[in-house]
Amino acid sequence: MTDVVDVETRSRMMSNIRSKNTSPELLIRKALHARGFRFRVHAKNLPGTPDLVLPKYKAAVFIHGCFWHGHHCSYFKVPQTRQAFWLEKIGKNQVRDAHQIAALRALNWRVLIIWECAVRSMKKQETPLLIDQIVFWLLQGSEFAQINETHLESVCSQTVSVTTSKV
Ligand SMILES: [Zn+2]
């Protein structure tokens, strides 16, 4: 079987997935701002350039694309061509993510990963629920948490180890 898109299109898709200011990111920024939270975006002075930084809460937030960061969810599919290439690339990204989270933690930043699937699997009226989870974490949450497709259950109260398992 061949991939449905050519290499050039595929790499453009991948770079889009990786880019900043994605629609899930903009949605979250807008909603948090509307609730009165103020933040810096793409803070280059911190490990991993977190998508949102809220110094008042000592919180660094990443909105991760499920493909690029190798999330085990229904949104992750290995392209049908050059699979070894993509798996290696994504594997490296996962290792880098883990190091960046560890570096942030070492600097006493709390870290929240919001997976793209948490945003994309929502119906529009559910947005406030996702934002509730984020706000909950900001105000009283743990040192590290992730929000994924089943976002209502997955904010953890204890530190979660970062998995870098193979995709
Ligand atoms: Zn996902």
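Colleague: Why does Gln-100 count as buried?

Modeller: In this predicted model, Gln-100 has 19% relative accessibility. Buried means under 20%, so Gln-100 counts as buried. Gln-100 is placed in helix 3, and beyond its sequence neighbours up to four places away, Gln-100 touches Pro-47 and Gly-48.

Colleague: What makes the arrangement around the zinc ion tetrahedral?

Modeller: The zinc ion is coordinated by Cys-66 (SG), His-71 (ND1), Cys-73 (SG) and Cys-117 (SG), at 2.1 to 2.4 Å. The angles subtended by these four donor atoms run from 101 to 118 degrees. Four donors count as tetrahedral if all angles lie between 85 and 135 degrees, and the arrangement is therefore tetrahedral. For comparison, the ideal angle for four tetrahedral donors is 109.5 degrees.

Colleague: What spacing do the donors of the zinc ion follow along the chain?

Modeller: The spacing is C-x4-H-x1-C-x43-C. His-71 belongs to the loop between strand 3 (59-64) and helix 3 (83-106), whereas Cys-117 belongs to helix 4 (residues 116-120), so this pair ties together parts that are 46 residues apart in sequence. His-71 and Cys-117 are both buried.

Colleague: Let us turn to the aromatic rings. Why is the pair of Phe-67 and Phe-76 called stacked?

Modeller: The count comes to four aromatic pairs. For Phe-67 and Phe-76, the ring centres are 5.8 Å apart and the planes stand at 20 degrees. Rings pair if their centres lie within 6.5 Å, and planes under 30 degrees apart count as stacked; the pair is therefore stacked. Phe-67 and Phe-76 are both buried.

Colleague: How do you know that the pair of Phe-67 and Trp-86 is edge-to-face?

Modeller: The centres of Phe-67 and Trp-86 are separated by 5.7 Å, with 70 degrees between the planes. Planes over 60 degrees apart count as edge-to-face, and this aromatic pair is edge-to-face. Phe-67 lies in the loop between strand 3 and helix 3, and Trp-86 in helix 3, so the pair ties together parts that are 19 residues apart in sequence. Ring pairs link Phe-67, Phe-76, Phe-85 and Trp-86 into a cluster.

Colleague: Why do Phe-67 and Trp-86 count as buried?

Modeller: The cut-off for buried is under 20% relative accessible area. Phe-67, at 6%, counts as buried, and so does Trp-86, at 4%.

Colleague: Over which ring does the charged end of Arg-110 sit?

Modeller: The charged end of Arg-110 sits over the ring of Trp-137, 4.2 Å from its centre. Lys-58 lies over the face of Trp-109, at 4.2 Å from the ring centre. The distance limit for a charge over a ring is within 6 Å.

Methods: Residues are numbered from 1 along each chain as its sequence is written. This is a predicted model: local features need pLDDT of at least 70, side-chain atom pairs count only at pLDDT 80 or more; totals for chains, interfaces and linings use all residues. Side-chain values use heavy atoms; hydrogens and water are left out. Donors are N, O and S atoms within 2.8 Å of the metal (3.2 Å for Na, K and Ca); water is not among the atoms, so sites may look incomplete. Four donors count as tetrahedral if all angles lie between 85 and 135 degrees; four count as square planar and six as octahedral if opposite donors are over 155 degrees apart and all others between 65 and 115; anything else is irregular. Helices (H or I, at least four residues) and strands (E, at least two) are DSSP runs, numbered from the N terminus. Buried means under 20% relative accessible area, exposed over 50%, partly exposed in between (1.4 Å probe, protein chains only). Contact means heavy atoms within 4.5 Å. Rings of Phe, Tyr and Trp (its six-membered ring) pair if their centres lie within 6.5 Å; planes under 30 degrees apart count as stacked, over 60 as edge-to-face and the rest as tilted. A charge sits over a ring if NZ of Lys or CZ of Arg is within 6 Å of the ring centre and within 35 degrees of the ring normal.
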